[in-house]
Amino acid sequence: MVHFPVNHPARPLYRVLAGLIGVYILVFGVWGVAQTIGDPLFGRDGNWVLGLRTNLAFSLASVVFGVVLIIGASRRSNLGHYMNLTAGVVFLVTSILMMSVLQTGANFLNFSMSTVIVSMLFGLILLGTGLYDKVGPEEHAEAERQKRSHPVAEVHRR
């Protein structure tokens with residue numbers, strides 16, 4: 001069974017990282033919507049915003065994801081934990097799928113290789129923040145610490 005650390009000491013740093021990624025994605029999305037507002041939804045024009053290629057559909061999705069990530073980062077509950085885990089997986093899967101159709105007509109989000117790389121980095125960072133952002137009562141955190149420092153566990157670490 002997977003054991004996520006509960007009440008990790010660096011949790012505020014992870015929430016700030018997730019929030020900064022959310023702010024970047026929101027700014028990218030709003031700027032992209034402003035730049036592509038008259039274009040077709042899945043247009044393949046050469047619109048670039050903050051170093052990433054975009055179209056109206058990708059910009060609108062970025063606005064939604066940015067708001068979701070900011071909401072998740074602002075909560076002090078496990079909502080942010082689950083949102084970051086889910087967003088990390090979504091970003092990684094999307095970047096891999098879009099990389100596989102990069103040079104084809106199926107590139108409906110108008111990704112470029114730089115967009116794929118940024119999406120993968122954001123996915124890895126969000127997945128990492130989700131792994132260490134779990135909140136719980138102090139009893140659960142102490143039980144996790146005891147489990148990691150159990151004498152039987154110490155024998156297997158040698």
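Colleague: Where does UniProt place the "transmembrane region" feature?
Modeller: The unreviewed UniProt entry puts that feature at residues 12–34, 54–73, 85–102 and 108–127. Positions follow the numbering used here, feature names are shortened, and annotations may be inferred rather than shown by experiment. Residues count from 1 along each chain as its sequence is written. This is a predicted model: local features need pLDDT of at least 70, side-chain atom pairs count only at pLDDT 80 or more, totals for chains, interfaces and linings use all residues, and side-chain values use heavy atoms, without hydrogens or water.

Colleague: Switching to α3. What span should its 23 residues have?
Modeller: Helix α3 covers residues 78–100 and should span 33 Å at 1.5 Å a residue. The expected span is 1.5 Å times one less than the number of residues. The end C-alpha atoms are 33 Å apart, so the two agree.

Colleague: Which α3 residues are buried?
Modeller: Among them are Gly80, Met83, Ala87, Phe91, Ser95 and Met98. Buried means under 20% relative accessible area, exposed over 50%, partly exposed in between (1.4 Å probe, protein chains only).

Colleague: What do they pack against?
Modeller: The buried residues of α3 pack against α1 (11–36), α2 (56–74) and α4 (113–131). Contact means heavy atoms within 4.5 Å.

Colleague: Is Ser119 buried or exposed?
Modeller: Ser119 is buried, because its relative accessible area is 7%. Ser119 sits in helix α4. Beyond residues up to four places away in sequence, Ser119 touches Phe91, Ser95 and Phe111.

Colleague: What about α2? What happens at its start?
Modeller: There, a side-chain oxygen of Asn55 comes within 3.3 Å of the backbone nitrogen of Ala57. The buried residues of α2 pack against α1, β2 (52–54), α3 and α4.

Colleague: Last one. Where does Gly43 lie?
Modeller: Gly43 is in the loop between α1 and β1 (47–49). Gly43 is buried, at 10% relative accessible area. Setting aside neighbours within four places in sequence, Gly43 contacts Asn55 and Asn110. The C-alpha atoms of Gly43 and Asn107 are separated by 9.8 Å, though 64 residues apart along the chain.

Definitions and conventions
Helix = DSSP H or I, 4+ residues; strand = E, 2+ residues; numbered from the N terminus. Polar contact = N/O pair within 3.5 Å; in protein donor to acceptor, adjacent residues only side chain to side chain.
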